[in-house]
Amino acid sequence: MSPRSSGMSTLEYHVLLSMAAGPLYGYAIKDAIEHESDGSVSPRAGSLYRVLGRMMASGLVTEEDPPADEAPHPGLTRKYYGLTPMGREALADQSQRLKQAALLAEKRLGLAKSNR
Amino acid sequence: MKPLLIRLVRLFPEDFRQQFGEDLIDQLSIDYDRARQRSVRHGAAFAVTNAFDLIRSGLLERLRPSYRRTFTHGPAQGASGHMRGMKMGGGMSGGWMTNGWIRDLVHAARSLRRAPGFVAIATLTLGLAVGANAGIFSIVDAVLLDPLPYPEADELVYIAASAPGSDFPEEFGIADEFYVQYSEEADLLSGVATYNDFTATLRVDERVERVPMSTPTISLFATLGVSPMMGRLPVAEDEGQAALISHGAWATWFGSDPNVIGRSYDIIGESRTIVGIMPPDFGFPNPNVLLWIPNDPTAGNINLGRFGIRMVGRLAPGADIAGLVGQLGPLAQRLPERYPETSAAYASLIRQHRPVVRPLTEELLGDASRPLWILLGSVAIVLLIACANITNLFTVRVEGRQRDLAVRRALGAGRGALIRGQMSEAALVAVAAGALGMLMAWAGTPAFLRAAPDNVPRLELVEVGGGTLLFTAGLALFIALACGLLPSLRASSPGLSQLRDAGRGSTRKRHWGRDGLIVAQTALALVLLIGSGLLLRSFWELRNVDAGYETADIFTFQIAPDGDDLNDGPSYARFHTDFMARVAALPSVESVGVVGELPLDEGVRSTTFQNESMAGDDESGSLLNFTWTGGDYFGTMDIEVLQGRAFTAADHQSTFGNAIVSEAAANLLWPGQDPIGRQFRRRNEDIWDTVVGVVEDIRQQNFREAAEPLIYYPLVGQTPDRWAVGSPGYVVKTTLGGDIAPEVRALVREVAPNAPMYAVHTMESLASDSMVQLSFTMLTIALAAVLALLLGAIGLYGILAYVVTRRTQEIGVRMALGARAREVQQMVVAQGARVVLVGVAIGLILAAITTRVLTALLFEVNPLDLVTFVATATVMIGVGLLASYIPARRASTVDPVQSLRSD
């Protein structure tokens, strides 16, 4: 287990999660996070890029070449970011931890019982 | 707002911006625009939260000294950088708590906590001043700093005409043919359009109202660089049957229904189709316009020589205003040649024609900008005075702690440490004041805006948001420096003798700084006092102007009747005569009249008139104002009939061709002669009217402008379709004033259910509206002046009271040696008076230099008005002496025995 993955913030987790299916550019990351968190995480631009910068610095995320089939779009050339192997590992660890924590919570709250 | 957010991105370190800067800005712009499109509030909320986020993230990113940024391309290097950059969540352990600044701040906070009274006074005083500044700044920011929401707004120019030597006004709007000529020939313009604004009837289902509209040329939108939010722009093929609606109209008239596009409505009495909805921040030429019906002059409908049309152009790349003037002049000169059907008078006017070009910003902001700058200046002065006060309080604090400081110095604290300690206190107070000020600006600005004159454009865009926050932060920094510096220097060099003589006050030295501040405070407060005094006198003069008519107890309104039986002058006249009779029958009504253009509300029309002897000469004539009137207009408004008679009922029913002229018009057309029975006509018309009465001159436009000559026609002209007075202004003399509105409304519903009733005012409210710019500026500056005076007096009192306390011993010795109470009082008062007098002298000089910025607002008062200068200086000296007298009294009650025993 990577030491990094402990104490990952919700935003950090969602940033990694958004890129798990393949590299994305900045605005798409934001959109993906909002979508995947059902709108509960809506990162402000400054915070989002700061998190992205830290993850690049710690080797979880890296800049990648744009996909060959990128649709034409107006404006700037988009920078794409994707997960490094270590990033994948950190995401997997954290997901595992979250899953265990969620199971434990369900058990304690007796969700299983009340469902029946 | 957006530029501010983008500026904040610079808070991030250079290498961060290289990697993410463009994306960050891109994302902020897109999201801001989206939020702004939802509503102003969403936009503001987005701006504020993101401004905070950017400041926080940017500073945190900079504040991580151990943090290594290795933004590299490709996974291999990224992985190698990983171990070094690993420190993420745990971050800032250790280090910062021992940082010198933080420690100083903590100490300062502790020390301030022991002086809650001082902190409360300092925070409140400064907070008030900061709040006023932040509030006014948020208005200046929206209205003046970024006034036009169009791309490359500095290329936009306003184009008009002048004709020196002709009887046309100093500056006037161009005519259709100028537009055709300029748009075809002027290559220094990349776009040009004409526009106007007026009120007309809009009918949507059951709702009928008079609303502000505009009929610009189609090119307006391309020239400004705007496009509809939904739908399309009109094209020439629409032939003026297509309308664009504002975002506001879409919401309030059509329930934000997107399907409104393509539907047709009754607009200005014709069915027109809505083809597009404009974005929320578009309002041209003013934000009230709800509807645009673009149409271009064509060979068939061009109105040659019909001047008075406003024009906006966009300078081509590289072009400037001087160059454009040089090009437009010769283009206009070719107009008579291009349109040979124009008259000789037209050709002679064109020979005198000179184009007028100036930035559009200047045209649209007009008179609004100066009062705002003046207000910003005034509140800035209040802030300076508050700073001076607090600086003095801080200095007094430092002097009280001289022994403490001397001990610290003796124990080895460096000068730097002592300065830092003092600056930290100032910084904490400044931050608290900033926060309080921001809160006050946020809470108070909306109320302030409601009182503001509604001729200020873009006022609805004022928001106390990110921009104001930055400004307030800047102010706080300024306060910290201003209030901290002097006391810090004082704190940094405590006399070590303090330790020896038990801290007994040395009182005679080192007050130059203190006295200097009092002098500055007094001078600045006097400048504000004089400014508000001048405005007060102007207001007084304006209130007492003889406008020629009364404003008390007069209710006014307009209706726009419409129907198949209303089609010519006599039919409209009958309608209005009947309706006037119905209104006059209401129990509280004394008299009723109608007039084509209501004074103070609707401007005035003008054209060239000729008397009998000018007939046949195409170039002679006088430019006079004219309007129509019926019923008992002169009696209701108390406009005196000087000669002859007012119109009778007969004048409005048949076609006698009788008219009434104002005294000035009579003097212009028949100087020195009896005007009754004389005849006049409009130039180029062959119908003569006969003067049956002469009435008093009135100020038609506003109270500032002198009365202009005015001709009154009856409701019916010499032929039934010469004119028809469709929607005149009604004036009703009634003891109920504005409270009669419901009764009149009921009558309108009964008599003409389809006629919208609008422009409902009282003459009194129109009068106060016409003075609102002056009264608003006056009240705000007066408020600032009173605040300044109060702060100044408190400052002086505080210092003298402190000095008296410090000199208790000295005073005690003097009294023991035989000085009398009166002498002691005089000594203290003299000390205060000296300082105040120097301040007043400097203030008078400053005021003499600065009051000329008020000239445009003043009315019949000289900016150097002696009475105002003397009176306010007297008040200032009086307040200064009073502030000195209270501590002086206390000094004279010192008991010598007590004071000598006290140490």
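Leaving aside its neighbours within four places in sequence, which residues is Tyr549(B) in contact with? In this predicted model, Tyr549(B) is in contact with Pro599(B), Leu600(B), Met637(B), Asp638(B), Ile639(B), Ile698(B), Arg699(B), Phe703(B) and Met763(B), once those neighbours are set aside. The points below cover the nonpolar cores, the aromatic pairs and the charges placed over rings.

**Nonpolar cores**
- The largest nonpolar core has 106 residues, and those with the most contacts inside it are Tyr549(B), Tyr633(B), Ile639(B), Phe703(B) and Tyr712(B).
- A second, separate core comprises 43 residues, among them Ile559(B), Phe579(B), Val661(B) and Val744(B).

**Aromatic pairs**
- Over all chains, a search of the whole structure finds 36 aromatic pairs.
- One of these joins Phe555(B) and Phe557(B) in a tilted arrangement, with 5.7 Å centre to centre and 35° between the planes; Phe555(B) counts as buried at 1% relative accessibility, and Phe557(B) is buried with a relative accessible area of 0%.
- The rings of Phe579(B) and Tyr730(B) have centres 5.6 Å apart and planes at 90°, so this pair is edge-to-face.
- Because Phe579(B) lies in helix H20 (residues 569-584) of chain B and Tyr730(B) in strand E21 (residues 729-734) of chain B, the pair ties together parts that are 151 residues apart in sequence.
- Phe579(B) is buried, with a relative accessible area of 1%, and Tyr730(B) is likewise buried, at 0%.
- A cluster linked by ring pairs contains Phe609(B), Phe626(B), Trp628(B), Trp670(B), Phe680(B), Tyr713(B) and Trp723(B).

**Charges over rings**
- In chain A, Arg78(A) lies over the face of Tyr25(A), at 3.9 Å from the ring centre.
- In chain B, Arg397(B) lies over the face of Phe118(B), at 5.0 Å from the ring centre.

Technical notes:
Residues are numbered from 1 along each chain as its sequence is written. Chains are lettered from A and ligands numbered from 1 in the order in which they are written. This is a predicted model: local features need pLDDT of at least 70, side-chain atom pairs count only at pLDDT 80 or more; totals for chains, interfaces and linings use all residues. Side-chain values use heavy atoms; hydrogens and water are left out. A nonpolar core is a set of buried Ala, Val, Leu, Ile, Met, Phe, Trp, Tyr and Cys residues joined through side-chain atoms within 4.5 Å. Buried means under 20% relative accessible area, exposed over 50%, partly exposed in between (1.4 Å probe, protein chains only). Contact means heavy atoms within 4.5 Å. Rings of Phe, Tyr and Trp (its six-membered ring) pair if their centres lie within 6.5 Å; planes under 30 degrees apart count as stacked, over 60 as edge-to-face and the rest as tilted. Helices (H or I, at least four residues) and strands (E, at least two) are DSSP runs, numbered from the N terminus. A charge sits over a ring if NZ of Lys or CZ of Arg is within 6 Å of the ring centre and within 35 degrees of the ring normal.
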